[in-house]
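Hi,

Here is the model I said I would pass on. Could you have a look at it and then read through my notes below?

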Amino acid sequence: MAETLSTEPEDAGSNLPPPLSRYTLLRALVELQTWWREAIVGQTDHEHTIEQVRDESLLTSRYVFMTLMSAGIAILGLLLSSPAVVIGAMLLSPLMNPIIGTGFALATGDARWLRRCGKALAIGSILAVLFCALIVVSSPLQTVTEEIAARTRPNLFDLLVALFSALAGSYALIRGREGTIVGVAIATALMPPLAVVGFGLATLNWTVFGGALGLFVTNLVTIALTAAVMARFFGYRSGLSERQSRLQSLIIVAVFVALAVPLGFSLRTIAWEANGQRIVNQEVKDAFTGRARVDQPVVDWDAEPVSITASVFTPEFRSDADAEITRRLERRLGRPVVVTVDQFQVGTDPRAAEQAALAQARAREAAEASERQIVALAQSLALLAGVERNDVLVDRESKRASASARPLEGLRLAGYRELERRLERATPGWTVQLRPPLQPLPTITLDGDKPDTLGTEALTLIEWAAARTGNPIALSGPESALPALTQELEQAGVQVTSRTEQGSVVTACGGLN
């Protein structure tokens, strides 16, 4: 009898793996924890890492010296707006060491080590800020550059950069990959914000000061707390009780949240302004024909109402452009705005607008360069004269700068004239006038009836001093020499009186004596 084959389908569920149970998940977690404790934590040289981090995180002469050098390089790079120089300062900065040390001290519960790291960090930071402020005060360049402005608005992304960098740096130290610290130093950029704090202090710009200080504190706290979490994660023993460890963990989480909330709002504001700038660009462009060229609009978001200025090179004028753009922007931005559009008529040639825009950009660059030259000239003249910047008179139209010098011990009239000449040579196209303080005039030595070589130099110096002060000059000397000397000084615009005396030299006196 033939065997009858069953055509009934087998139970489809019989080939499926059994469902994951709670026991299976717990067992997997236990196995993972065991593997981590034996394969990772057990292979970590805790004592060596602690010793290494401790040695590098304390206050030493090398630490102070490298901090000052890094601060000096950073502030010079920021003033010059040179990213390459700023990166060099990041590589030299030793501030990362006491911050990482602070994290490990928190993780191990070593209060003495924590205090020593805090001392090193506080002294290094204060010295860096003061050193940068000193450089800025003595520098002719005190304008807020792009590199400086970029470090005055911390946001949530800065916290994330510090967080990821601290994770990488802590892992590198724990696993013996110290070379990674170089990249971490560049990513977190601890020294540049401190240098900007010094800049804000020197220039009394509290907006810059506060913004940069906020960025530095964000980086510092994030790195220290992240290092503490990583150290505990890799099994570094703590002298804290279980309750204290739990409280420390809660505090770390609370600090991160406290930092993230305001930084998140800051990021939201920055994002809104970036989107607003895009809307402004679009609306100004759409208000004119396709042949028009719009220069980058400038938006002052802090003004109330928001101030917007733009330059447009167009073949056709639009008398209602300001009102039309204002109406559109108020609808899209939801804020009152004031729009000022400067329209420049150009030819119908498509390249005419581009050429006009390029010419205006060059003119603007030239004007900015001229303004920087004027600021540098005024500051240099104030420094040479020993006076405040406000005591220097600058005439932009005639390109003339003048100041009255204070007496400097050991410096004679010839020295003041040389200082004036040097500054004038450093600023081509400008006339510099340094009014000397009251001093005796030089004696004019003679060779017969005419001045000799030294006498000619003395006469030139007297003429310069009289021209700077406007004081009359009285000459006394041989009758045969006085007429020629008087005539030469009068031709130079100097008021001269003369008196005949016996002798072989001519003495001069006046308001400078």
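I'll start on the inside. The residues that line the second largest cavity are Pro140, Leu141, Gln142, Thr143, Arg372, Val375 and Ala376. A cavity here is a set of points on a 1 Å grid over the protein atoms alone where a 1.4 Å probe fits but cannot get out, and a lining residue has an atom within 4 Å of a point.

Before I go on, the ground rules. This is a predicted model, so local features need pLDDT of at least 70 and side-chain atom pairs count only at pLDDT 80 or more, while totals for chains, interfaces and linings use all residues. Numbering runs from 1 along each chain as its sequence is written, and side-chain values use heavy atoms, with hydrogens and water left out.

Back to that cavity. Its volume is about 40 Å³, taken as the space filled by probe spheres set on the grid points. The lining splits into four nonpolar residues, two polar ones and one charged one. With a cut-off of 30 Å³ or more, the model has two cavities.

Now the charges. I count twelve salt bridges in the structure, each one a side-chain nitrogen of Lys or Arg within 4 Å of a carboxyl oxygen of Asp or Glu. Side chains of opposite charge can pair when their charged atoms come close.

Helices are DSSP runs of H or I with at least four residues, strands are E runs of at least two, and both are numbered from the N terminus. Arg54 counts as partly exposed because its relative accessibility is 28%. Asp110 is also partly exposed, at 24%. For that scale, buried means under 20% relative accessible area, exposed means over 50%, and partly exposed is in between (1.4 Å probe, protein chains only).

Two other bridges are worth a click. In the one between Glu418 and Arg425, the closest N and O atoms are 3.5 Å apart. Its two ends fall in separate classes: Glu418 is partly exposed at 29%, whereas Arg425 is exposed at 55%. In the other, Arg499 pairs with Glu501, with 2.8 Å between the closest N and O atoms. Glu501 is partly exposed, at 34% relative accessibility. There is also a network: Glu283, Glu324, Arg327, Arg328 and Arg332 are joined by salt bridges that share partners.

Leu204 lies in the loop between helix 10 (191–203) and helix 11 (206–233), and it is exposed because its relative accessible area is 58%. Lys399 is in the loop between strand 5 (393–395) and strand 6 (400–404). At 40%, Lys399 is partly exposed.

Finally, some C-alpha distances. Ala105 belongs to helix 5, and with a relative accessibility of 2% it is buried. Its C-alpha atom is 9.0 Å from that of Arg115, ten residues away in sequence. Leu134 is in helix 6 (residues 111–137). Is this leucine buried or exposed? Leu134 is exposed, because its relative accessibility comes to 55%. Between the C-alpha atoms of Leu134 and Gly72 there are 9.7 Å, and along the chain 62 residues.

Further on, Arg406 is placed in the loop between strand 6 and helix 15 (413–426). It counts as partly exposed, at 47% relative accessibility. Arg406 and Arg435 are 29 residues apart in sequence, with 9.0 Å from C-alpha to C-alpha.

That's my list; over to you.

Cheers

Technical notes. On a 1 Å grid over the protein atoms alone, a cavity is a set of points where a 1.4 Å probe fits but cannot get out, and a pocket is an open set with protein on both sides within 12 Å along at least five of seven lines; lining residues have an atom within 4 Å of a point. Ala, Val, Leu, Ile, Met, Phe, Trp, Tyr, Cys and Pro count as nonpolar, Asp, Glu, Lys and Arg as charged, and the others, Gly among them, as polar.
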